[in-house]
Amino acid sequence: MDTTEMQPVIRVTEAGLYCAAGDFYIDPWRKVARAVTTHAHSDHARPGCGAYLCPEEGRAVLAARVGAKAVIDTLPYGERKRLGAAVVSLHPAGHILGSAQVRVETDAGVWVVSGDYNNSTSTPACTTFEAVRCDVFITESTFGLPIYRWPDPGAVFAEIHDWWAANRAAGITSILPAYPLGKSQRLLAGLDAAEGPIAVHGNVKTFLPIYEAAGIRLAPTVPLTEKTAPEIRGKGLVITSSAAHETGIIRKLGPVSHAFASGWMQTRAARRSRDGDRGFVMSDHADWPGLLAAVEATGACRIGVTHGELESFSRYLRERSYDAFPVPTRFTGEGTDAETETGK
Ligand SMILES: [Zn+2]
Ligand SMILES: [Zn+2]
């Protein structure tokens, strides 16, 4: 789909957001010659592109996603690189390790594509979001409704530790499904292993060494196996990818309590519709006040809204005198991508 009013700096094409001046795509949906990649979640980083550009902090996670043989160029956050007639720089998005907002400057002005970002809650698991001034800001809107307001992460971790302690007291094993990239490390950066053993299951362990190599302190874990199950049973907390949720090894853990840690847990409807026993409100995305603060901090008057609540959030912004327009994506929101379902 061609959105002519978005020209000339970045426009929507069949393959995704395209910058003609620099001849590159941002988070393309198809295999293209040059991709600038905001982060390594599967709905943003597709394998098979000719070359990728990402922040230095994101190189290892991107390589794990798109393949070790992929051509990956990197930039330190904030450093500028000329691509054709465009100047590109990458700025922290606060979402997962190595996530970036992409700033693109041409003679026609400065545009910023946010990717997924979190400016609402702090986490030691990645570099903190930085606002970037621009003329046009293309923002995600996963949680672009006023109901979404994240509680203090410290209070949420206290709730998780209380749930875990109550389970331990009753001889119940605690199960916390989490997306293997981002949410798992966010949890492990805040959990206290002195409370009890923490195990990881499924492909949760995939990205842990990369985070640790980046200097992020994570609670020590053991893989959940036949051998470790007896020491986890009745007192441990298991972080599991949702795909591995109900495999045989989980049945060796005795009675279990499931919980979810996600932004979707903000609504009662979401809490009821899940089979989890508990819901904790924790997201790696901006909440409603965060989205509004990010938009305001850019100083931009033109706002493209993508990845979530396109219509309602752009309508809200237009009512507040922004020139806001929806930017269609192949993905209607994180929740539609099965792999990311519990991760946000
Ligand atoms: Zn993401
Ligand atoms: Zn996303």
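What pLDDT does the protein average, and what share of the residues score at least 70? The average is 91, and 90% of the residues score at least 70; pLDDT is the predictor's confidence in each residue, from 0 to 100. Residues 332-343 are another story, with pLDDT below 50. Beyond near neighbours in sequence, that stretch still has 26 contacts in the model (two residues are in contact if their C-beta atoms, placed from the backbone, lie within 7 Å). Where pLDDT is low, the predicted coordinates should not be read in detail.

This is a predicted model, so local features need pLDDT of at least 70 and side-chain atom pairs count only at pLDDT 80 or more, while totals for chains, interfaces and linings use all residues. Residues are numbered from 1 along each chain as its sequence is written, and chains are lettered from A and ligands numbered from 1 in the order in which they are written.

The domain assignment, which is automatic or from a database, gives domain 1 (4-148 + 284-340) and domain 2 (153-280). Taken over C-alpha atoms, their centres are 29 Å apart.

Now for the inside. The largest nonpolar core has 89 residues, and Val 102, Trp 111 and Leu 176 have the most contacts inside it. Such a core is a set of buried Ala, Val, Leu, Ile, Met, Phe, Trp, Tyr and Cys residues joined through C-beta atoms within 7 Å. Both domain 1 and domain 2 give residues to this core, so it lies between them. Leaving aside neighbours within four places in sequence, Trp 111 touches several residues, including Val 9, Ile 10, Cys 134 and Ile 138.

## A buried leucine

Leu 17 sits in strand β2 (residues 16-19); strands are DSSP runs of E, at least two residues long, numbered from the N terminus. Leu 17 counts as buried because it has 25 C-beta neighbours inside 10 Å, and the cut-off is 20 or more. Its contacts beyond four places in sequence include Ile 10, Tyr 25 and Val 113.

## An open sheet

Six strands make an open sheet with parallel pairing, in the order β14-β13-β15-β12-β16-β17. Strands pair if DSSP finds at least two bridges between them. β14 (222-223) and β17 (278-280) are at the edges with a single partner strand each, so one side of each has no neighbour in the sheet. Strand β13 (residues 198-201) runs parallel to β14, joined by 2 bridges, and Ala 199 stands opposite Val 222.

Key:
Buried ≥ 20, exposed ≤ 12 C-beta atoms within 10 Å, placed from the backbone. Helix = DSSP H or I, 4+ residues; strand = E, 2+ residues; numbered from the N terminus.
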